[in-house]
Structure formats: C-alpha cells, structure tokens
Amino acid sequence: QTETTENGVRYTLPDGLQVECRITRYPKQRVIRWHTYWHNPTDHDSGLVTDLWDCDVTLPVAPDRPRTSRDRQMTWEPQSTLLYVSKGSNSKEDDGFIEPVRLWAGDSKRYACENGRSAMGTAPYFDINRQQDGWLLGIGWTGQWNAIFDRTEDAVRVRAGIEAAAFRVRPGE
C-alpha cells in the first residue's frame with residue numbers, strides 16, 4: 001500500500017512494516033533531500049530486509065557522441081559524461097582528491113566505503129557531469145554504504161544503499 005503524506009510518501013509492506021520517505025525541497029538551490037524512516041506498528045517482527053537501496057533514481061543526462069579508439073585519453077573528448085569520485089580518508093597524500101571516471105552508455109560502476117567507515121577508501125560524494133551540466137550526490141549515513149552508477153544513452157541510474165543489509169524491525173521500533 002502506498003499513501004502520500006504531508007512530507008513525502010509512506011509504503012506499508014505486506015507484513016505491516018512501514019517505510020516512509022520524507023522529502024524536503026530547496027528550490028532556490030535546486031536541491032532535494034530525503035530521509036527514510038522505518039516503523040513496525042505490528043505485534044510481530046518484520047520480514048527480513050535485504051537488498052536495501054535507499055536511493056534508486058534515474059537522472060537525465062544528454063547522450064554522448066559515439067565512442068572511438070582515441071577516447072582512451074581524457075583530453076580527446078572532454079564533452080563526454082564523467083563521474084567524479086572522491087577519494088576517502090586513507091591517511092595518504094591523495095586524501096580528498098577527485099578522480100574523473102568516464103561513463104559511456106552501457107557502463108556500470110560500483111563504489112563502496114571500506115571496513116564500515118563511511119569515508120574510508122571512497123568518500124560518499126559524487127558528481128555526474130557532462131559539459132558543466134549534471135548532478136551532485138551525497139550519501140548521508142555512516143556505515144557500509146555502496147553505490148552503483150549505470151549509464152544508458154540518455155540517463156544515469158543511481159542506486160545507493162546499505163551493503164549486505166539483513167535485518168528485521170521489531171514491534172514498536
């Protein structure tokens with residue numbers, strides 16, 4: 001069951017578990033923020049929650065020209081879609097550096113933090129960019145997150161969630 005609430009949308013799953021997505025919009029800044037809340041109003045444990053994606057959105061991105069062999073170097077085609085990935089806090093000289101990764105149609109890239117530390121290995125901040133047009137994304141929880149970026153001809157599908165989630169919500173939680 002799905003119902004619209006004052007602040008977003010609430011889903012009631014077949015076992016009674018309620019998942020509410022509260023959305024806040026900041027039109028001047030062109031920002032959307034959402035928080036997911038879980039509640040079990042029943043008298044029994046919820047079913048097992050796995051494959052959890054708190055974010056699963058498809059963002060429009062203009063198509064790139066066809067890929068050629070000379071595109072192996074970033075300098076040859078600066079107008080194609082890039083995913084900027086932030087290096088995490090690893091006690092190295094390149095902490096916080098941003099690495100551009102080319103995203104061609106059909107590409108899929110996966111990133112995750114290390115050892116359950118939200119900014120170790122890879123930081124949870126990304127920039128999908130094509131000719132100075134695009135999307136900034138931040139994953140805002142601590143713990144073992146993961147994110148997948150799938151490029152199609154005219155979009156990028158972004159999924160971000162808790163890696164290896166496997167939990168139940170107890171009554172009243």
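Which strands each supply at least two residues of the lining of the second largest pocket? They are S2 (8–12), S3 (18–26), S4, S5 (49–50) and S6, where a strand is a DSSP run of E with at least two residues, numbered from the N terminus. Before we go on, a word on the model: it is predicted, so local features need pLDDT of at least 70 and side-chain atom pairs count only at pLDDT 80 or more, while totals for chains, interfaces and linings use all residues. Residues are numbered from 1 along each chain as its sequence is written, and side-chain values use heavy atoms, with hydrogens and water left out.

Let us stay with that pocket, an open set of points on a 1 Å grid where a 1.4 Å probe fits, with protein on both sides within 12 Å along at least five of seven lines; lining residues have an atom within 4 Å of a point. Its volume is about 360 Å³, and of its 21 lining residues, Val-19, Thr-36, Trp-38, Leu-52 and Trp-53 are the closest to the centre. Strand S6 gives the largest share, five residues.

The largest pocket holds about 1,200 Å³ of space. Its lining counts 38 residues, with Ile-32, Trp-34, Leu-136, Leu-137 and Gly-138 closest to the centre. Here the largest share, seven residues, comes from S4, and S11 is among the elements that give two or more.

Strand S11 also leads us to an open sheet, in which four antiparallel strands follow the order S8-S7-S10-S11; two strands pair if DSSP finds at least two bridges between them. Strands S8 (98–102) and S11 (133–138) are at the edges with a single partner strand each, so one side of each has no neighbour in the sheet. Five bridges join S7 (residues 82–87) to S8, and Leu-82 stands opposite Arg-102 in S8.

Finally, look at the charged side chains. The structure holds ten salt bridges, each a side-chain nitrogen of Lys or Arg within 4 Å of a carboxyl oxygen of Asp or Glu. One of them joins Arg-151 to Asp-64, with the closest N and O atoms 3.2 Å apart. Because Arg-151 lies in strand S12 and Asp-64 in the loop between S6 and S7, the pair ties together parts that are 87 residues apart in sequence. Both Arg-151 and Asp-64 are buried (under 20% relative accessible area; exposed is over 50% and partly exposed in between, with a 1.4 Å probe and protein chains only). Elsewhere, Glu-3, Arg-10, Glu-20 and Arg-22 are linked in a network of salt bridges.

Technical notes:
Points joined across faces, edges and corners; volume = space filled by probe spheres on them.
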